[in-house]
Amino acid sequence: MWLGAAAAAGALVLGAAVTAQVSDPPASALEQLARRTTSTMSNPYRLVERWPTLPDGMTWGAAIGIIPDNKGGAWMMFRSEPPINYIDASGTITKSFGRGLLVQAHGFCMDHDGNLWAGDSGPFAEDPATKGRGFQLHKLTQDGQLLLSLGVAGVSKAGTDTFIGPTACAVAANGDILVADGHWPRPASAQQDGDRIVRLKPDGTFVRAVGSLGAGPGQFMGPHSLAFDSRGRLFVADRSNNRLQVLDENLAFVDEWRHFGRPSGVAILKNDTLIVSDSESTNTIDGPPQAPEGGGRALRNPGWQTGIRVGSAVDGSLRHFVPGTRPEGLAGDELGNIFAGLTGRCDASPSGGCLQKWVRVQP
């Protein structure tokens, strides 16, 4: 059964955190080309330097989940302690909580009642230190009270009461919660297939699941991000298949788009502006045996440049490209800002850490 909890997580005091940045191996010539900071495509965005500012005693962790407040600030989920933070428009962190709640932060959304849903995909490899933890989805208030925990801690399985490893969530017009389930890489003890999209009621009740591991229409290989357009279609960042999948209101396959790169994150604004982050193209990444480039460590989606692509969810057109960044986490607000979460090389970012804010400076 789904596991419920009314325990209070509390708004924990900021403290020292363990950074979760990923060290990159030396890049090949092709990888360096894909990571170049220039492009002849239109780029109307400028990075805000030294934003946000961490308080004393807090250390950067990988930035993976972002929920804009449409006032210039955002809720942010870090892979460090405490993981859940609210950042105002000035870049000041004013709320922090969730210490000890997550093994591997993944997936972050806000329901119609303002509650936060935080995913925990579990470890990416076998880790005795995390045994009995992870592979869950947690529902919290904006003050840090834990309302609900779904899934069975430490169990990676595609069931009606368990997850393989939730990576993203999105909220449908009727309030249902859609969850992307199945991260690559994953531990050997985890279920090695079953990648899917799960639909839940706001109280956590399981409704249905669609999809399976594969590269066909309506199949998934590491679904990593979700977003709804104005028509109620669900856009899935089917990352290990190097494509966006478009599903209708009944979660049936409509189309696949490959011209937005290898999508780690996807966001759609009210006017159907489509924003897609690509952090892995032309990089050596672990993958399943069924991946188009083969299993194990391989160069993924070779020849594509990493960055942020901006276009239209209406007609699929590609309009802008932001080079020189490799975000996994991604969000956009109605003011025209793009929030990009880095999971590696945070020390090299002019933002000063793992979270970037890009402001639109041209119409």
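Mentor: Let us begin with a definition: a salt bridge is a side-chain nitrogen of Lys or Arg within 4 Å of a carboxyl oxygen of Asp or Glu. Please note also that this is a predicted model, in which local features need pLDDT of at least 70 and side-chain atom pairs count only at pLDDT 80 or more, while totals for chains, interfaces and linings use all residues. Residues are numbered from 1 along each chain as its sequence is written, and side-chain values use heavy atoms, with hydrogens and water left out.

Trainee: How many salt bridges does a search of the whole structure find?

Mentor: Side chains of opposite charge can pair when their charged atoms come close. One of the pairs here is Arg258 with Glu256, whose closest N and O atoms are 2.9 Å apart. For the whole structure, the number of salt bridges found is 15.

Trainee: Are Arg258 and Glu256 buried, partly exposed or exposed?

Mentor: The classes rest on relative accessible area: buried means under 20%, exposed over 50%, and partly exposed in between (1.4 Å probe, protein chains only). Arg258 has a relative accessibility of 37%, so Arg258 is partly exposed. Glu256 has 28%, so Glu256 also counts as partly exposed.

Trainee: How many residues apart are Asp176 and Arg199?

Mentor: Their side chains meet in a salt bridge of 2.8 Å, N to O. Both Asp176 and Arg199 are buried. Asp176 is in the loop between strand E10 (166-171) and strand E11 (177-181), and Arg199 is in strand E12 (residues 196-200); the pair links distant parts of the chain, 23 residues apart.

Trainee: Which residue in E12 is the bridge partner of Asp181?

Mentor: Strands of a sheet pair through backbone hydrogen bonds, either parallel or antiparallel. E11 and E12 run antiparallel. The bridge partner of Asp181 in E12 is Arg196.

Trainee: Which residues have the most contacts inside the largest nonpolar core?

Mentor: A nonpolar core is a set of buried Ala, Val, Leu, Ile, Met, Phe, Trp, Tyr and Cys residues joined through side-chain atoms within 4.5 Å. This core has 19 residues, and E2, E3, E25 and E26 each supply at least two of its residues. The largest share, 3 residues, comes from E3. The residues with the most contacts inside the core are Ile66, Met76 and Leu355.

Trainee: What is the omega of the cis peptide bond from Glu81 to Pro82?

Mentor: Most residues other than glycine have a negative phi, and most peptide bonds are trans. Pro82 lies in the loop between strand E3 (74-79) and strand E4 (84-87). A cis peptide bond also joins Trp51 and Pro52, with omega about -5 degrees. For the bond from Glu81 to Pro82, omega is near -10 degrees.

Trainee: What is the phi of Phe135?

Mentor: Phe135 is in the loop between strand E7 (116-120) and strand E8 (136-140). Its relative accessibility is 6%, so Phe135 counts as buried. Phe135 is a residue other than glycine with a positive phi, near 65 degrees.

Notes. Helices (H or I, at least four residues) and strands (E, at least two) are DSSP runs, numbered from the N terminus. Two strands pair if DSSP finds at least two bridges between them.
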